[in-house]
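Take a look at the model before reading on.

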Amino acid sequence: MSVLRSLETKIADLVEGTFGRAFRSEITPVELARRLVREMDRHRQSSLSSTVVPNEYVVWLSPEDRRHLAPVEASLLDELAAHLLEHARSERLALPSRPHIELRTDRRLSLGECGIEASVSDSLGRPVARRQGVPPPANLPRDLAGRRAPPPLLEPPPEPRSPPLVGEVLGSAWLDVDGRQVPIGSGGALIGRSSDCDIVIAAQEVSRRHARIVAEDGGWTLIDQNSTNGVRVNGRAVEGATRLRPGDVIEIATVELTFEAG
């Protein structure tokens, strides 16, 4: 943090504290948004690959402020969450999930005062990717190191989730995850944390429906499904959609998936 930024923060704290008590009025949604952003920034935690920030916030308000905000509480919480999400994206911060904000009442607080508790929701261990959907092709190749491909990660259902692609035959495609080949059906694959995805990545940093791979124009395209933490291909952020080529490395949270086709 720069000296100017540090001084600005100290002055703001002083105004909200000692001097602010003399001119206390009802707390406004804009003020709540500003304080939540500051709380998010104060709790940044750096890791090897990203900077993680809290995704759970409890805001304590005085009884008077809580009554004042009660008629718009539901819509206000949604707007505040969207504001935090946008701030995290602009600062390239990693969120385990979409921000969740809860308002509570503390009778010890006076009008215009508030307290905020920020925390990171329980994160899972090492993310695990598994396949649901169509069975792997019979001629699934060995991995790039020449090792024998392991068995499928999950038993496939009896029928594909999507109809077969009509038109040009693209051949088989798959994602390499830690040396395991995860096949992509002719109807494409939905990637995310939800159990109804084709390829499930069990990590809180992954959105329920994070990204989709689709077959189009004789090739394969990766589409970001408006995910919380975004998608990167070969180290570059995906804006909407990008064409995939064999060998491309797809980064979703801390998981790397190598796209291959043959």
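Which residue just after α4 takes a positive phi? That residue is Arg 92, with a phi of about 60°. Keep in mind that this is a predicted model.

## Helix α4

Helix α4 runs over residues 73-90. At 1.5 Å a residue, its 18 residues should span 26 Å. The end C-alpha atoms of α4 are 26 Å apart, so expectation and model agree.

Several residues of α4 are buried, among them Leu 76, Leu 77, Leu 80, Leu 84 and Leu 85. Glu 73 and His 87 are also buried. The cover over the buried residues of α4 includes α2 (29-42), β3, α3 and β4 (100-105).

## Around Ser 62

Ser 62 sits in the loop between β3 (56-61) and α3 (63-69). Its relative accessible area is 0%, and therefore Ser 62 counts as buried, the cut-off being under 20%.

The side chain of Ser 62 makes a polar contact of 3.0 Å with the side chain of Asp 65. Beyond four places in sequence, Ser 62 is in contact with Thr 105, Asp 106, Leu 109, Ser 110, Leu 111, Gly 112 and Glu 113.

## The open sheet

Six strands make up an open sheet. Their order is β8-β7-β17-β16-β13-β14, and the pairing is antiparallel. At the edges stand β8 (180-184) and β14 (236-237). Each has a single partner strand, so one side of each is left without a neighbour in the sheet.

Inside the sheet, β7 (residues 173-177) pairs with β17 (residues 255-261). Four bridges join these two antiparallel strands. Asp 176 stands opposite Thr 258 in β17.

## Two nonpolar cores

In soluble globular proteins, nonpolar side chains tend to be buried together. The largest nonpolar core here has 25 residues. Leu 175, Ile 213, Leu 222, Ile 250 and Ile 252 have the most contacts inside it. At least two core residues come from each of β7, β8, β9 (189-192), β10 (199-201), β11 (211-216), β12 (219-224), β16 (249-252) and β17.

What does Ile 213 touch, not counting residues up to four places away in sequence? The list includes Leu 175, Ile 184, Ile 191, Leu 222, Leu 244 and Ile 250. Gly 188, Ala 189, Trp 220 and Thr 221 also touch Ile 213.

Definitions and conventions
Residues are numbered from 1 along each chain as its sequence is written. This is a predicted model: local features need pLDDT of at least 70, side-chain atom pairs count only at pLDDT 80 or more; totals for chains, interfaces and linings use all residues. Side-chain values use heavy atoms; hydrogens and water are left out. Buried means under 20% relative accessible area, exposed over 50%, partly exposed in between (1.4 Å probe, protein chains only). A polar contact is a pair of N or O atoms within 3.5 Å; within protein, one must be able to donate a hydrogen and the other to accept it, and residues adjacent in sequence count only if both atoms are side-chain atoms. Contact means heavy atoms within 4.5 Å. Two strands pair if DSSP finds at least two bridges between them. A nonpolar core is a set of buried Ala, Val, Leu, Ile, Met, Phe, Trp, Tyr and Cys residues joined through side-chain atoms within 4.5 Å. The expected span of a helix is 1.5 Å times one less than its number of residues.
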